[in-house]
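Colleague: Could you take me through one part of this model in close detail? I would like to follow a single interface from its overall size down to the atoms.

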Amino acid sequence: MALVLSGGGARGLSQIGVLEVLHENGYSPNLIVGVSIGAIVGGLYSAGYSPAELGEFADQISWNELIYDTPQRTRLFQTQRMATEQFLLHLRFSNFKPRIPEGISAAQMISSLLVLRSAAANYSADGDFDRLKIPFRAVTTDLRTGEPLIFRGGDLALAMRASSAIPLFLAPIEAEGALLADGGLIYPIPVEVAIAEGASKIIAVDATADIKYPRNLDNALFILDQTTNIMAEDKKKYERKLADLLIVPELEHHGSYDFSDIASLIEAGRKAAEEKLPEIERLFRGEDKGESPRYTVSSVRSDVPLGISAGDRVSLDFLEERLGSLYREGIYRELSLEYRIDGDSIEIAVVPEFNPPMRGVKIAGVRFMELEELLSAFDIDPDKPTNLVEIDSILASIEDLYKRAGFSLAHISFAALDAETLGVIFEEGIVELVDVSGNERTRDWVVQSYSNVRAGRKFEDRQLERTMDNLHATNLFESVIPRLERGDSSAVVQLEVVEKPYFGVRLGARYDIVNSIEGAFEVGDDNLFGIAWRLNAGAFGGSRRWHAYSKLEADRIGKTLVASNFKAFATGEKYDIWDSDTIAEKLTINTYGLRISLGQQIRRFGTVFAEVGSEYVVYGPDSRNMKEYPMNRLTFRSIVDTFDKRQFPRYGKYHESYFTMSQDILGGEFSFTKAYASLQSYWTWTEPLTFHPYIMGGYMSGGPPHFERFELGHEIPFWGLRGDERRGHSFFKFGFNLRANPMDPVYIYTGIVTGRTWDKDAKLGLEDLIWGWGAGWGIATPLGPIELYWGTNTERLQQINFSFGYNFK
């Protein structure tokens, strides 16, 4: 009996509901054949996950993030965010030719999810899909030859991922000497594959979209999907006719890329299967072969509780089923049925052979658990036949004990009862070797430095998950696919990577009322010498400010968490000095310098580092009245950033503090110290409201130049202040915003703030604080946030600003 699961994108999740009905009614197929999303659903079910667990997985997944493959922001090192978040586009070049992606998404996050969910089952089965809980086949298409390729073994995660590689949307997979993509291109409902695998009875589920598309064709993906549907329609009609039973969930208004309301998809699959339940029952019971004749029992001889008495009417099929039920109790080695039919009557005799008693247990392969604790689980009566169902339960509980202790690959590789002794061999799933393959430029030790999986330690799913997240977040690889293989004594973890082109160009653009249109450009190599150092040169700015630089930086030096940055730069900015509602003076500051920093990454939360810099500053109102100042400084800085999103965060904190000093003994012209600290948080207590409190302050001593003083209005935003309106040796600012998200991607916010700046030795009271308030709205877009806001304050100043894009820093 084969169960065939079709493609259909999001619609294919309805097949979980079909599995629920089969599972609840005790019907288990002998083979599952899946294609596309059906390969994922069927592969995970064959690996041992229950339909309820599959439903939980589907409901918990953020499908948009999964499909579009962007690493979670919190997975990036702080230095990575600082280096890339101001850009909109990254063009990569290979041999000076632009690299065109093979799909909208490389689907690394999908691959990672499938690896984590299937690694243990695939390892226990030794890569043989016939040794999974239910034998499984995944259908793929070789894009080079146009021929189908059926996975009967190998890497289960790779088979599921390759089968679901929708052309142009998810990148194909290079494997088995082929370029593999969605098997639905050839077999949208792979009934023919099930027949070729020897299935005599087939239940097929069709979750593919109808020719009449369920929504407007106003999107390239929808048009591609509909084109595929039209081309596959004749094939689908043919496959449907080949199935003994066809289950079609009612999904008339649900599109292939619509992952909303997954519960309703699963329920649709349930309903369709329940309607077909009588036919399912007939297929599994073989009643389509015709009703077996019944006989009157004339006599019964049996040493087992057969539940049949003289005078009962029984068929041979019933007797076979009854003996099967007894055998599954676990205490019998064999049950023999002897019978004699005489006309309408039947004589029955059942001869049992019981399992021998179990008087001892020998366990091999245990290194990390207490052997006596494991042996104590076998509390078996030595004077009764051994119950193999009970033994299976004990062995499963021991496997579960290992799993709870973090041994993700632990399993029983052998168990047999011989001469009244149970022999058990455990494989604890210890990592023998971590190897790297597929890397042409990146050094092996660079890849391994991001791996949390270590040789000689137990294999843990969470460590593999961190490893894939770490490598994905480096942005060095198109894909990272761990493969688990059996080594000489235990598990070998093969980290197979596909590298990206490392030479590229980054581009960015933005606009706001003050700075007008600004652009950004950066060119360089993101993997210098294959050691994950970045060498880049670039510039950004517009008519009011500009910044040009060349930098060499590393998120990690070697295998440490020490970050470094060597930067030569030139920057210029025009400031407006406001007096009430008019600009009283315009100033220009140009700075040329060199800065070296070393820091320690704090996991993925932030960085603590020290900077040494030498600067040459040209400052004044115009080119005829510019003053020149050499300045050297030493700075200690800390940044902690746990914001969940780049635009309009919902959760997380941002803390920045620094202490900098410039002394004439360092060779500069000024002697001063400067300290700054800020803390802000985003809390989303209840949808759609987000609370954003913040507090910050700074203090300077000595004789700093004017341009080093703290400024409210431009450098440090304040409701109602527009430019360089409040400068001082010290400042304080405290406030909060309340933001609503009435509908994606629109945000509305309002806030209140208090604070001010003051000069050295000034004494201020609470009555001297400035209070400000304002409101605005924003839209999250792929090109950056669009914001329009208004603010005012107790100084009777007002501000209106409009911006589009990410700010350049």
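What follows is a look at how two neighbouring parts of the chain meet.

Modeller: Happy to, and please keep in mind that this is a predicted model. The protein is divided into five pieces: domain 1 (2–69 + 105–285), domain 2 (294–354), domain 3 (360–427), domain 4 (430–499) and domain 5 (503–805). Let us stay with domain 3 and domain 4, whose centres, taken over C-alpha atoms, lie 31 Å apart. Nine residues of domain 3 and nine residues of domain 4 make up the contact.

How much area is buried between domain 3 and domain 4? The value is about 750 Å², and carbon and sulfur atoms give 56% of that area. On the domain 3 side, Ser408, Leu409 and Glu427 lose the most area to domain 4; together these three account for 53% of what that side buries.

Glu427 also takes part in a salt bridge, in which its side chain meets that of Arg486 at 2.6 Å, N to O. For the interface of domain 3 and domain 4, the rule finds one salt bridge. As for polar contacts between domain 3 and domain 4, the count is five residue pairs, with both residues at pLDDT 80 or more. Sorted by class, the side of domain 3 that touches domain 4 has four nonpolar, three polar and two charged residues.

Note on methods:
Residues are numbered from 1 along each chain as its sequence is written. This is a predicted model: local features need pLDDT of at least 70, side-chain atom pairs count only at pLDDT 80 or more; totals for chains, interfaces and linings use all residues. Side-chain values use heavy atoms; hydrogens and water are left out. Domain bounds come from an automatic or database domain assignment. Contact means heavy atoms within 4.5 Å. Buried area is the accessible area (1.4 Å probe) that two parts lose on being put together, summed over both. A salt bridge is a side-chain nitrogen of Lys or Arg within 4 Å of a carboxyl oxygen of Asp or Glu. A polar contact is a pair of N or O atoms within 3.5 Å; within protein, one must be able to donate a hydrogen and the other to accept it, and residues adjacent in sequence count only if both atoms are side-chain atoms. Ala, Val, Leu, Ile, Met, Phe, Trp, Tyr, Cys and Pro count as nonpolar, Asp, Glu, Lys and Arg as charged, and the others, Gly among them, as polar.
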